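Hello,

Here is the structure I promised to pass on. Please open it and keep it beside this email while you read.

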Amino acid sequence: MGFKYFGEWDAEKIEVRDPGIKQYLCLDAPFVLHTGGRHASKQFGKARVSVVERLINKVMRSGPGARKLGGKTIRGAGATGKKHKAYNIVREAFKIIAQRTNKNPIQVLVDAIQNSAPREETTRISYGGITYYIAVDSSPQRRLDIALKNLAAGAFAAAFTGKKNIVECLAEELILAANNDTKSFAVARKEETERIAKGAR
């Protein structure tokens with residue numbers, strides 16, 4: 001019997017359609033979702049960290065936070081530095097996803113990442129004292145980083161402006177992104193980034 005995320009969902013039959021990020025999308029989880037940053041000293045070490053742990057780490061961001069989790073009011077800036085709180089947020093969001101979609105939430109997360117990872121972006125260069133923007137291809141590692149960051153940021157933005165708590169907002173953001181819906185913050189940001197890059201070619 002293999003490892004199951006949160007004791008409920010395994011990653012054995014997860015399909016990754018995007019060949020660009022397949023190599024960097026780690027689904028072979030350790031027995032705990034807390035590697036303690038041991039990957040940091042190695043180049044491309046992040047590629048060997050479970051994608052679920054990486055989502056948990058992105059939920060530990062500064063910014064407007066959840067209103068309620070498990071009946072308790074959470075004050076302050078999100079789950080900044082509080083890994084156990086971020087772990088609970090992701091676990092509860094996965095339960096909502098499984099309930100609403102009847103799918104493995106790990107597959108929903110992978111689909112959301114594939115649909116919200118920009119393939120092209122812009123960079124600023126200076127030539128002869130003139131600064132202008134040019135379009136560049138995004139590296140697979142950066143595509144994955146941006147997708148995870150925008151998925152978490154979209155959930156926090158929705159929780160801050162709406163009446164739903166962070167758990168529901170994260171579940172909704174992942175479901176919308178997995179369906180490639182432009183109502184998803186992450187998908188909308190991806191399309192905007194690629195549109196700007198197209199204009200800078």
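Below is what was found in it, going from the whole chain down to single residues.

**The overall picture**

Please bear in mind that this is a predicted model. The protein chain has seven helices and four strands. Read from the N terminus, the elements run α-α-β-β-α-α-β-β-α-α-α. The chain has 201 residues, and 46% of them count as buried. Now take the contacts with a separation of 6 or more: 62% of them are between residues 24 or more positions apart.

**The nonpolar core**

Which residues touch the most other members of the largest nonpolar core? They are Phe-6, Val-52, Val-90, Phe-94, Ile-106, Ile-113 and Leu-174, out of 51 residues in that core. H6 gives the largest share, with nine residues.

Set aside residues up to four places away in sequence. Val-52 then touches Tyr-5, Phe-6, Leu-33, Val-90, Phe-94, Ile-106 and Leu-109.

**Helix H7**

Start with the length of this helix. H7 has 15 residues, and at 1.5 Å a residue they should span 21 Å. The end C-alpha atoms are 21 Å apart, so the two values agree.

Next, look at its sides. Ala-186, Val-187, Lys-190 and Ala-197 are buried in H7. Viewed down the axis of H7, the buried residues fall within an arc of 100 degrees, so they line one face of the helix. On the other side, Arg-195 and Gly-199 are exposed.

What do the buried residues of H7 pack against? Their partners are H4, strand S3 (120-127), strand S4 (130-137), H5 and H6.

The N-terminal end of H7 is capped by Ser-184. A side-chain oxygen of Ser-184 lies 3.3 Å from the backbone nitrogen of Ala-186.

**Salt bridges**

How many salt bridges does a search of the whole structure find? There are nine.

One is formed by Lys-83 and Glu-53, whose closest N and O atoms are 3.0 Å apart. Lys-83 lies in helix H3 (residues 83-101) and Glu-53 in helix H2, so the pair ties together parts that are 30 residues apart in sequence. Are these two residues buried or exposed? Lys-83 has a relative accessible area of 17%, so it counts as buried. Glu-53 is buried too, because its relative accessible area is 1%. The cut-off for buried is under 20%.

Another salt bridge joins Lys-95 and Glu-92, at 3.7 Å from N to O. The two residues are three apart in helix H3, so about one helical turn separates them. Lys-95 is partly exposed, at 33% relative accessible area. Glu-92 is also partly exposed, at 26%.

Lys-164 and Glu-172 meet in a salt bridge as well, at 2.4 Å from N to O. Both are partly exposed: Lys-164 has a relative accessible area of 37%, and Glu-172 stands at 29%. There is a network too: salt bridges that share partners join Arg-91, Glu-92 and Lys-95.

Where is Ser-50? Ser-50 sits in the loop between H1 and helix H2 (51-59). Its relative accessible area is 0%, so Ser-50 is buried. The side chain of Ser-50 makes a polar contact of 3.0 Å with the side chain of Tyr-5.

Asp-10 lies in the segment before helix H1 (19-22). Asp-10 is partly exposed, with a relative accessible area of 26%. A polar atom of its side chain lies 3.4 Å from the backbone nitrogen of Glu-12. Leave aside the neighbours within four places in sequence, and Asp-10 is in contact with Phe-3, Lys-4, Asn-104 and Ile-106. Asp-10 and Gln-107 are 97 residues apart along the chain, yet their C-alpha atoms are separated by 9.8 Å.

Best wishes

Methods:
Residues are numbered from 1 along each chain as its sequence is written. This is a predicted model: local features need pLDDT of at least 70, side-chain atom pairs count only at pLDDT 80 or more; totals for chains, interfaces and linings use all residues. Side-chain values use heavy atoms; hydrogens and water are left out. Buried means under 20% relative accessible area, exposed over 50%, partly exposed in between (1.4 Å probe, protein chains only). Contact means heavy atoms within 4.5 Å. A polar contact is a pair of N or O atoms within 3.5 Å; within protein, one must be able to donate a hydrogen and the other to accept it, and residues adjacent in sequence count only if both atoms are side-chain atoms. A salt bridge is a side-chain nitrogen of Lys or Arg within 4 Å of a carboxyl oxygen of Asp or Glu. A nonpolar core is a set of buried Ala, Val, Leu, Ile, Met, Phe, Trp, Tyr and Cys residues joined through side-chain atoms within 4.5 Å. The expected span of a helix is 1.5 Å times one less than its number of residues. The arc is that of the directions from the helix axis to the C-beta atoms.
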